[in-house]
Amino acid sequence: MSDRIEIRFAGFGGQGIALMGRLVGEVISLHEKGKHSVMTQSYGPESRGGASSCDVVIDTQIIDYPKATEFDYFVVMSEEAYHKYIPRLKEGGIIFVEENLVTLDDQSKKASKIYKIPATEIAETLGSRLYANIAMLGFVCANTDLFSDEDFITVMKAKVRARFIEKNLVAFEKGKNHK
Amino acid sequence: MSDNKENTPMVNTGEYFTSGNLAVAEGSLAAGCKFFGGYPITPSSEVAEHMSIKLPQIKGHFVQFEDEIASIASILGASWGGWKSMTATSGPGYSLMLENIGLGIMTETPCVIVNVQRGGPSTGLPTLVGQQDIQQARWGSHGDYEIIALSPNSVQECFDLAIAAFNLAEEYRVPVTILMDETIGHMSEKLVIPDKEEIEIVNRKKPTDEAKDHLPYKADEDLIPPMAVAGEGYNVITTGLTHDERGYPVLDADTQKVLITRLLDKIRKNKDKIIKLEEYMLDDAEFVIISFGISSRAAKGAVNLARKKGLKAGYLRLITIWPFPDEKIAQLSEKVKAIFITEINSGQVTREVQRAVEGKSKVHGLFKLGGAIHTPTEIVEEIERRIK
């Protein structure tokens with residue numbers, strides 16, 4: 001049987017949404033035994049603002065259809081993205097939300113669990129809101145069985161520019177420890 | 001370039017999580033590509049970017065030209081200089097390259113063209129997916145010819161088919177097009193690059209006769225002439241005009257017939273060797289979905305979904321799009337109730353399937369017009385609606 005899991009990451013351009021998908025996709029594809037993953041992204045001029053999203057699909061079998069259709073996990077970091085994609089959250093799915101940037105409405109009630117984090121505020125204490133995406137991933141790591149923190153850190157160190165690694169490690173820890 | 005030191009493939013053996021565009025570039029390097037001439041265009045630009053970083057590291061050459069016309073001309077020239085050569089583009093650039101792809105066919109020049117398709121016509125949808133250049137790849141240049149085009153549907157296959165494309169180009173002395181699409185190009189998946197000893201590389205045949213007796217367009221029994229490279233002592237002559245075995249223009253119907261028949265036959269008579277297909281659940285299938293590229297990922301998902309619903313669905317994927325697998329599809333049409341084609345255009349492969357089927361089974365095209373890919377659910381719903 002298929003163990004397909006679909007994750008949608010969404011926010012606005014500049015938040016590093018696609019990087020979140022690439023990191024999680026790589027951690028699962030190369031480090032989590034017996035799992036496959038595919039990352040697809042909305043592709044356009046989003047790095048200049050506007051809605052940005054990417055999907056990671058995970059399965060124990062070879063993945064045919066590469067995009068998310070009904071999200072098991074919805075990681076959302078902007079109001080616009082929330083309204084655009086919340087209809088496609090699976091009944092009983094899980095939401096991770098940047099609580100200062102998104103106001104949830106009744107549509108979020110179909111989620112079985114909602115995790116809230118002020119990821120941008122946490123990032124700002126480290127000197128830049130650029131670290132918000134990694135803080136969010138620390139929070140996702142701590143509250144799911146999707147990937148291990150050690151594997152994530154291995155991949156992040158290899159993928160993120162050297163001068164950002166240290167602060168990202170702190171952001172990841174802070175996200176992980178957020179209650 | 002017979003000196004193998006220079007042609008040693010640079011292979012970054014190992015496992016990666018990377019995109020189709022980077023994988024097709026790495027596959028080209030593994031195949032021995034030493035020259036890239038191009039004009040970057042969305043959604044193919046990462047291919048050029050990656051080659052611009054990698055080629056100088058292996059004493060290869062990357063040149064960004066003023067446009068796509070110069071780019072394709074440069075890779076023909078580079079090939080005659082002995083380098084395996086390539087370019088990468090998308091629809092608008094591919095349109096500009098077509099005249100010189102014809103020159104490549106006429107001069108029998110091995111080279112590889114990557115077309116990462118986006119929605120068209122014209123500038124169309126620069127950042128969004130399309131599969132609308134299928135017939136263009138077959139018939140876009142003027143005149144009568146046969147061509148080879150391949151269509152990967154995963155990141156791994158972008159790597160594998162890049163190697164296959166160079167090998168086919170070298171073996172049959174013909175430009176080979178890799179028809180990718182925006183989604184495959186930008187999607188990330190696991191890529192396994194094998195040890196270089198495990199990668200089979202084909203190099204063009206070299207002449208072995210005396211240079212003074214050499215006839216550059218005299219084919220062997222396999223219909224393919226050995227290819228000398230400029231600077232090796234043999235006469236090298238190229239012309240887009242109809243030519244004889246010496247390569248001299250001879251502008252009459254007899255010479256045209258001999259030359260064009262050979263150019264057609266060197267592909268047609270090797271169709272069975274060239275064509276690669278993937279079959280899935282075809283044995284007892286009553287309904288077959290034929291697809292290729294990114295559309296085939298949805299099609300395979302649809303087959304799984306249809307089977308769960310008790311529909312006997314199967315799947316045939318065109319890894320090679322040109323030459324077209326007429327015989328295989330004709331055989332299928334005799335045992336199935338209906339054939340469905342999923343493609344992101346208004347029926348370019350459907351038209352070929354209809355031709356091959358000759359009315360022996362029902363043929364339904366399920367089309368998207370660019371900008372989005374099919375979902376497995378909508379394919380199954382459409383199949384259910386049409387077979388009612």
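## Close-up views of a predicted two-chain model

View 1. In helix 12 (residues 326-335) of chain B, the residues B:Ile329, B:Leu332 and B:Ser333 are buried, where buried requires 20 or more other C-beta atoms within 10 Å of the residue's own, exposed means 12 or fewer, partly exposed lies in between, and C-beta atoms are placed from the backbone. These three residues lie on the same side of helix 12 of chain B because they cover an arc of only 105° around the axis, the arc being that of the directions from the helix axis to the C-beta atoms. An α-helix has 3.6 residues a turn, so residues three or four places apart point the same way. The face turned away from the buried side of helix 12 of chain B carries the exposed residues B:Glu327 and B:Glu334, whereas the cover over its buried residues includes strand 11, strand 12, strand 14 and helix 13 of chain B. Helices (H or I, at least four residues) and strands (E, at least two) are DSSP runs, numbered from the N terminus.

The model is predicted, so local features need pLDDT of at least 70 and side-chain atom pairs count only at pLDDT 80 or more, while totals for chains, interfaces and linings use all residues. Residues are numbered from 1 along each chain as its sequence is written, and chains are lettered from A and ligands numbered from 1 in the order in which they are written.

**View 2. The five-stranded sheet of chain B.** The strands of this open sheet follow the order 10-12-11-14-15 (chain B), with mixed pairing, two strands being taken to pair if DSSP finds at least two bridges between them. Strand 10 (277-280) and strand 15 of chain B are the edge strands, each pairing on one side only, and neighbouring strands of this sheet are turned by 20° against each other on average, direction ignored. Strand 14 (residues 338-343) of chain B runs parallel to strand 15 (residues 362-367) of chain B, to which six bridges join it, and B:Ile339 stands opposite B:Val363 in strand 15 of chain B. Strand 11 (residues 287-291) of chain B is likewise parallel to strand 14 of chain B, with four bridges between them, and B:Phe287 stands opposite B:Ala338 in strand 14 of chain B.

**View 3. Helices packed on the sheet of chain B.** Helix 13 of chain B touches strand 11, strand 14 and strand 15 of chain B, its direction making about 155° with that of strand 14 of chain B; axes are lines fitted to C-alpha atoms, for helices over the stretch in contact, and angles run from 0 to 180 degrees between N-to-C directions. Helix 11 of chain B lies across strand 10, strand 11, strand 12 (313-318) and strand 14 of chain B, and runs at about 165° to strand 12 of chain B. A right-handed β-α-β unit is made by strand 14, helix 13 (residues 348-357) and strand 15 of chain B; a crossover is right-handed if, with the strands pointing away from the viewer, the path from the first strand over the helix to the second runs clockwise.

**View 4. The side of chain B that touches chain A.** Here 18 residues of chain B are in contact with 15 residues of chain A, contact meaning that the C-beta atoms of two residues, placed from the backbone, lie within 7 Å. The elements of chain B that give two or more residues to this side are strand 1 (14-19), helix 8 (182-186), strand 9 (188-193) and helix 11 (293-308), and the largest share, five residues, comes from helix 11 of chain B.

View 5. B:Lys59 has a positive phi near 60° and counts as exposed, with 10 C-beta neighbours inside 10 Å, whereas B:Arg173, with a positive phi of about 50°, is buried, with 25 other C-beta atoms within 10 Å.

**View 6. Strand 3 of chain A and its partners.** Seven of the nine residues of strand 3 (residues 51-59) of chain A are buried. Strand 1 (residues 5-12) of chain A runs antiparallel to strand 3 of chain A and is joined to it by eight bridges.
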